[in-house]
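The following paragraphs lead through a single protein model, from its overall confidence to individual side chains. Please keep the sequence and the coordinates at hand while reading.

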Amino acid sequence: MPSQRLATVSSMTTPIDLGRPVAGDVIDLILQDHRLFESLLRDLRDASTDRDAVRGAFATLHVAHAEAEEKHVYPKLRRKGAVGEHEA
């Protein structure tokens, strides 16, 4: 069962501790988020979990992840010509 500590990410609160770091290698952080997404999806399939809390945590993580990518990752990829506007 997920932890009941509160985590605040992107001005949203969830009863599941997302353990979001605030600094580190961007690739490591993205991969860590993806592993957490997978874990939350497994929790959604588990009938013994608080699915509302898991859905809330998933949504919170997804918003924070997307905001971070839009702010930090995609602009650098665009400047390097690695992706076009329609890709990121």
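A residue is called buried when its relative accessible area is under 20%, exposed when that area is over 50%, and partly exposed in between, using a 1.4 Å probe and protein chains only. Ser-39, with a relative accessible area of 25%, is therefore partly exposed. This residue lies in helix 1, where helices (H or I, at least four residues) and strands (E, at least two) are DSSP runs numbered from the N terminus.

The model is predicted: local features need a pLDDT of at least 70 and side-chain atom pairs count only at pLDDT 80 or more, whereas totals for chains, interfaces and linings use all residues. Residues are numbered from 1 along each chain as its sequence is written, and side-chain values use heavy atoms, with hydrogens and water left out.

Confidence is expressed as pLDDT, the predictor's confidence in each residue, from 0 to 100. The protein averages 80 on this scale, and 80% of the residues score at least 70. Where pLDDT is low, the predicted coordinates should not be read in detail.

The protein contains 2 helices and 2 strands, which follow one another from the N terminus as β-β-α-α. Of the contacts with a separation of 6 or more, 44% are between residues 24 or more positions apart. Buried residues account for 26% of the 88 residues. The protein exposes about 6000 Å², of which carbon and sulfur atoms supply 54%; accessible areas come from the Shrake-Rupley method with a 1.4 Å probe, and for residues only the protein chains shown count as cover.

Which residues make up the largest nonpolar core? A nonpolar core is a set of buried Ala, Val, Leu, Ile, Met, Phe, Trp, Tyr and Cys residues joined through side-chain atoms within 4.5 Å. The largest has 8 residues: Ile-16, Leu-18, Phe-37, Leu-40, Ala-53, Val-54, Ala-57 and Leu-61. Helix 1 and helix 2 (51-79) are the elements that give two or more residues to this core, and helix 2 gives the most, with 4 residues.

Phe-37, a member of this core, touches Phe-58, Leu-61, His-62 and His-65, not counting residues up to four places away in sequence. Ser-39 and Phe-58 are 19 residues apart in sequence, with their C-alpha atoms 9.7 Å apart in space.

His-65, one of the residues touched by Phe-37, has its place in helix 2 and counts as buried because its relative accessibility is 7%. The side chain of His-65 is joined to that of Asp-33 by a polar contact of 2.6 Å. Such a contact is a pair of N or O atoms within 3.5 Å; within protein, one must be able to donate a hydrogen and the other to accept it, and residues adjacent in sequence count only if both atoms are side-chain atoms. Glu-69 is also found in helix 2 and, at 14% relative accessibility, is buried as well. Not counting residues up to four places away in sequence, Glu-69 touches Ile-30, Tyr-74 and Pro-75.

Side chains of opposite charge can pair when their charged atoms come close. A search of the whole structure finds 1 salt bridge, defined as a side-chain nitrogen of Lys or Arg within 4 Å of a carboxyl oxygen of Asp or Glu. The side chains of Arg-55 and Asp-52 meet in a salt bridge at 2.3 Å, N to O. These two residues are 3 residues apart in helix 2 and so are separated by about one helical turn. Arg-55 is partly exposed, at 43% relative accessibility, and Asp-52 is exposed, at 55%.

Definitions and conventions: Contact means heavy atoms within 4.5 Å.
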